[in-house]
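Biologist: I would like to go through this model and hear the grounds for each label. Please set every value against its cut-off.

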Amino acid sequence: MRDVFVPPHPMLRSSLLLLFAFAVSAGAPAFAQDGRDLSEEARKQYAQGLREATAMVKERQFANANAKLDVLLTQRPREPQARFLKGVVQTEQGQDAAAIATFSALSEDYPELPEPYNNLAVLYAQKGEYEGARIALESAVKAAPDWPVAHENLGDIYVRLGAAEYATAARLDRANKAAAGKLALARELIAPTKPAAPASTATPSKP
């Protein structure tokens, strides 16, 4: 996950700076997702642009990062890492609807990548759309079964969905002490806690 970033949701962990398994490096193979192979020199220049955009996001220079990413996406509209970073920038700039559109389109084009699903779930959770968050996180877990962040976030969503059902049960049957007890426990789990220590930037392997 990110180096120093307080999650925008009290429970879910955002993939703010999670880079895909095909992390940008001068030695990485040329991307061909949009059907246009790059020459060796053009590939290196594009990779350098991605590194610069990533550094800008890490330094929270979102306006500069956005301008750099727009240039990169003009060159290669389907390139997934630039699109992912674009969604991160949109999220950080409060453009939630645009970020949801970006991560949704990215997950449709590259369903094997878990990070877009995860960030999409965080955005849904912020809006209180926990069912949408559940669907996104179940897709993330399917894409990367060994990625703990997605499993933890999915557990958090299950707790919130469970709390809503316990609340309904307790309201419909006020004598149901079991439901009331479960609701209290779920609310205790949901309650905001102190920010966790900075997490590693390590990413799951691409399936």
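Modeller: This is a predicted model. Take α5 and α6 to begin with: their axes come within 8 Å and cross at roughly 165°.

Biologist: Why is α5 called roughly antiparallel to α6?

Modeller: Angles over 145 degrees count as roughly antiparallel. The axes cross at roughly 165°, which is over that cut-off, so α5 is roughly antiparallel to α6. The crossing of α5 past α6 is left-handed. On the α5 side, the residues that make the contact include Pro-114, Tyr-117, Leu-120 and Tyr-124. On the α6 side, they include Tyr-130, Ala-133, Leu-137 and Ala-140.

Biologist: Pro-116 is placed in helix α5 too. What makes Pro-116 count as buried?

Modeller: Buried means under 20% relative accessible area. Pro-116 has a relative accessible area of 0%, so Pro-116 is buried. The C-alpha atom of Pro-116 is separated by 9.4 Å from that of Ile-100, and the two residues are 16 residues apart along the chain.

Biologist: Why is Lys-86 called buried?

Modeller: The cut-off is again under 20%. Lys-86 has 13% relative accessibility and therefore counts as buried. Lys-86 is found in helix α3, residues 80-92. Leaving aside neighbours within four places in sequence, Lys-86 is in contact with Asn-66, Leu-69, Asp-70 and Leu-73.

Biologist: How do you know that the span of helix α7 agrees with its number of residues?

Modeller: Helix α7 covers residues 148-172, which is 25 residues. The expected span is 1.5 Å times one less than the number of residues, so α7 should span 36 Å. The end C-alpha atoms of α7 are 36 Å apart, and therefore the two values agree.

Biologist: Which residues of α7 are buried, and what covers them?

Modeller: Among the buried residues of α7 are Val-149, Asn-153, Asp-156, Ile-157, Arg-160 and Ala-170. Their cover includes α5 (114-126), α6 (130-143) and α8 (177-190).

Biologist: Why can residues three or four places apart point the same way in an α-helix?

Modeller: An α-helix has 3.6 residues a turn, so residues at that spacing point the same way.

Biologist: How many helices and strands are there in the protein chain?

Modeller: The protein chain has eight helices and zero strands. Of its 207 residues, 44% count as buried. Among contacts in the protein chain with a separation of 6 or more, 62% are between residues 24 or more positions apart. The accessible surface of the protein chain comes to about 10300 Å², and 55% of that belongs to carbon and sulfur atoms.

Notes
Residues are numbered from 1 along each chain as its sequence is written. This is a predicted model: local features need pLDDT of at least 70, side-chain atom pairs count only at pLDDT 80 or more; totals for chains, interfaces and linings use all residues. Side-chain values use heavy atoms; hydrogens and water are left out. Helices (H or I, at least four residues) and strands (E, at least two) are DSSP runs, numbered from the N terminus. Buried means under 20% relative accessible area, exposed over 50%, partly exposed in between (1.4 Å probe, protein chains only). Contact means heavy atoms within 4.5 Å. Accessible areas come from the Shrake-Rupley method with a 1.4 Å probe; for residues, only the protein chains shown count as cover. Axes are lines fitted to C-alpha atoms, for helices over the stretch in contact, and angles run from 0 to 180 degrees between N-to-C directions. Angles under 35 degrees count as roughly parallel, over 145 as roughly antiparallel, 65 to 115 as roughly perpendicular and the rest as oblique. A crossing is left-handed if the near helix is turned anticlockwise from the far one by less than a right angle, and right-handed if clockwise.
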